[in-house]
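I opened this model today to look up how its parts meet and which local details stand out. These are my entries, in the order I made them.

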Amino acid sequence: MRLLSAPRRFRRTLLSACVTLGLWSAGAAHAFDLDRGHAPIDVVIPTVIPVIFANVGPGDATLVLRATTLITNAMFDAIAPYHRTAVGVYSKLPRRPASEGLTERQRNIAIFYACQEVLDSLYPAEKARWDDMLRAAGLDPNLQSTDLRTAAGIGRAAGKALVAARENDGMNQLGNAKGQRFNKLPYADTTGYQPVNTAYELRNPARWQPAITTKGSGLFQVQQFVTPQFGEIKPYSYHSAEQFSFPPPVDSNPFGPNGRARYKAQVDQVLNASATLTDQRKMVAELFNDKIRSLGFVALFLSQSRQWSVEQFVHYDFLVNMAAFDGGIAVWNAKRKYDAVRPFSAVNWVHGKGMVTAWGGPGKGTVNLPADQWASYVKVADHPEYPSGSSCFCSAHAQASRRFLGSDMLGWRVAAPKGSSLVEPGVTPANDIVLQFDTWSQFEQQCGQSRLWGGVHFQAAIDASKPVCKTIGDKAYQYVQNLIDGRG
């Protein structure tokens, strides 16, 4: 199914979420049809995505994934009582009798109320928006009943149980860790992490250096390791991140046997990828740098192309969000352990002011430039390099999808119109192109390599993530299947 021929609702959802033309207002939309509508795709997703991106960037994966996983978890738990066998993750609510009809209306209502509970917890400053979301569906946002004989009560109960379980799960969502009572800092580090290097001095070329970032407005900021405690929070599908082992990033340590040669080799591999960037690779790198536009939109594509019911979509969407979330926990645990250097620091350390051939910046193409003026094509993320989070998310997502769908076939096409690049607007691509992912294997492979093409990861970090996170994809699938079968 080509993107340009997708149903109008799908195109509208993609446009709303991808370019976020202002903050979407549910209250301004036409009334939602509870009987024939699809609450997650028609309303919840396009309402939530602009709010997520108003708070964090597309590359802040831990914060994006935690939000999307909790929201899809709320949907899953809310509709479990309307399935013949399913049970929720955090709420074991009684099954509704078949005599009630078990309609899409009931599922949609339960989803709205469960999501309102979770969204009020995640983004309390946006409460008016979440209330409007329910009003647009003809629902009373002030209804607080947890009467399990009603869809609204089931949704409320499911959402409240999830919030109770996850609001203090170690992510420091409330900013109250370690007894912080005043001037709380939500999601602040609880591990005591401190970088070895400063943004101004690379004391140890094997270790992560915070970058100095800017939006070009004259304001500059020094990066902080985003939520290092993510590696310590409770996963869904396995016991602890400690049960997974990533090999040490030996090529990122210039001090061991042949270390300088290995270190330089991986630096030069990044520079070669930078020098040989094509429009296709640039657009793939941009696509996978945005976890909503890649991991999120492929789920929307599947739902529309396969005409999934609300229930089918919710089961799948919770599965793949949770698979990436659980993979991320294992990766973040390793990132904090290894604290490995990013390519931008290593390029400067190896080549200094010497001349290198690479991408020269937006619209410049491939040029000869001083190494200390080189920059990655996509913005460098705010956490240590090894192992690759994006490669992990895609491997876990792809493997969970293969298991759920029973096939490696995908058939996803993403249009990249002329000049639509966010890095090189009006320049790249030079002509309309289509990014094509015929299989999940191709999706997984290009996602991983996009981090090398984008200049933000070494190849070893990409390769190390795949086997571990494929295993986590299997565990996530079995976990969700157990829930669906009533064995959760």
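**Entry 1: domains.** Before quoting a distance I note where the bounds come from: an automatic or database domain assignment. The model I am reading is predicted. For this chain the assignment gives domain 1 as 39–167 and domain 2 as 231–485. I looked up how far apart their centres sit, and over C-alpha atoms the separation is 29 Å. The contact between them draws 35 residues from domain 1 and 32 residues from domain 2.

**Entry 2: buried area.** Next I wanted the area buried between domain 1 and domain 2, and I found about 2,800 Å². Carbon and sulfur atoms give 70% of that area. Which residues of domain 1 lose the most area to domain 2? They are Leu 65, Phe 76 and Arg 166, and together they make up 20% of what that side buries.

**Entry 3: polar links across the interface.** I counted 8 residue pairs in polar contact across the interface of domain 1 and domain 2, with both residues at pLDDT 80 or more. On the domain 1 side, the elements that give two or more residues are α2 (39–55), α3 (61–79) and α4 (104–122). Of these, α3 gives the most, with 13 residues. By residue class, that side of domain 1 divides into 19 nonpolar, 10 polar and 6 charged.

**Entry 4: Ser 121.** I stopped at Ser 121, which lies in helix α4. Is Ser 121 buried or exposed? Ser 121 counts as buried because its relative accessible area is 13%, and the cut-off for buried is under 20%. Its side chain makes a polar contact with the side chain of Glu 167 at 2.8 Å. A second polar contact, at 2.9 Å, runs from the side chain of Ser 121 to that of Gln 173. Leaving out residues up to four places away in sequence, Ser 121 touches Val 163, Glu 167 and Gln 173.

**Entry 5: salt bridges.** How many salt bridges does a search of the whole structure find? I got 25. As a reminder to myself, side chains of opposite charge can pair when their charged atoms come close.

- Arg 402 and Glu 444 meet in a salt bridge at 2.7 Å, N to O. This pair links distant parts of the chain, with Arg 402 in helix α12 (residues 389–405) and Glu 444 in helix α13 (residues 440–453), 42 residues apart. Arg 402 is buried at a relative accessible area of 15%, and Glu 444 counts as buried at 11%.
- Glu 201 forms a salt bridge with Arg 203, and the closest N and O atoms are 3.5 Å apart. Here Glu 201 counts as partly exposed at 43% relative accessibility, while Arg 203 counts as exposed at 52%.
- Arg 487 and Asp 485 meet in a salt bridge at 3.0 Å, N to O. Arg 487 is exposed, with a relative accessible area of 52%, and Asp 485 is partly exposed, with 34%. I also logged that salt bridges with shared partners join Arg 66, Arg 166 and Asp 169 into one network.

**Entry 6: cis peptide bonds.** Then I went through the backbone. The peptide bond from Tyr 386 to Pro 387 is cis, with omega near -5°. I located Pro 387 in the loop between β4 (366–370) and α12. Another cis peptide bond joins Thr 428 and Pro 429, with omega about -10°. Pro 429 lies in the loop between β5 (409–416) and β6 (433–439).

**Entry 7: positive phi.** I also looked up positive phi values. Thr 227 is not a glycine, yet its phi is positive, about 40°. Thr 227 lies in the loop between β2 (220–222) and α7 (259–275), and is buried with a relative accessible area of 3%. Asp 339, also not a glycine, has a positive phi of about 50°. The place of Asp 339 is the loop between α10 (310–338) and α11 (343–351). Where does Asp 339 fall on accessibility, buried or exposed? Asp 339 counts as buried because its relative accessible area is 1%.

How values were computed
Residues numbered from 1 in each chain as written. Heavy atoms only, no water. Contact = heavy atoms within 4.5 Å. Buried area = accessible area lost by both parts, 1.4 Å probe. Polar contact = N/O pair within 3.5 Å; in protein donor to acceptor, adjacent residues only side chain to side chain. Helix = DSSP H or I, 4+ residues; strand = E, 2+ residues; numbered from the N terminus. Nonpolar A, V, L, I, M, F, W, Y, C, P; charged D, E, K, R; others polar. Buried < 20%, exposed > 50% of the residue type's maximum accessible area, 1.4 Å probe, protein only. Salt bridge = Lys/Arg side-chain N within 4 Å of Asp/Glu carboxyl O.
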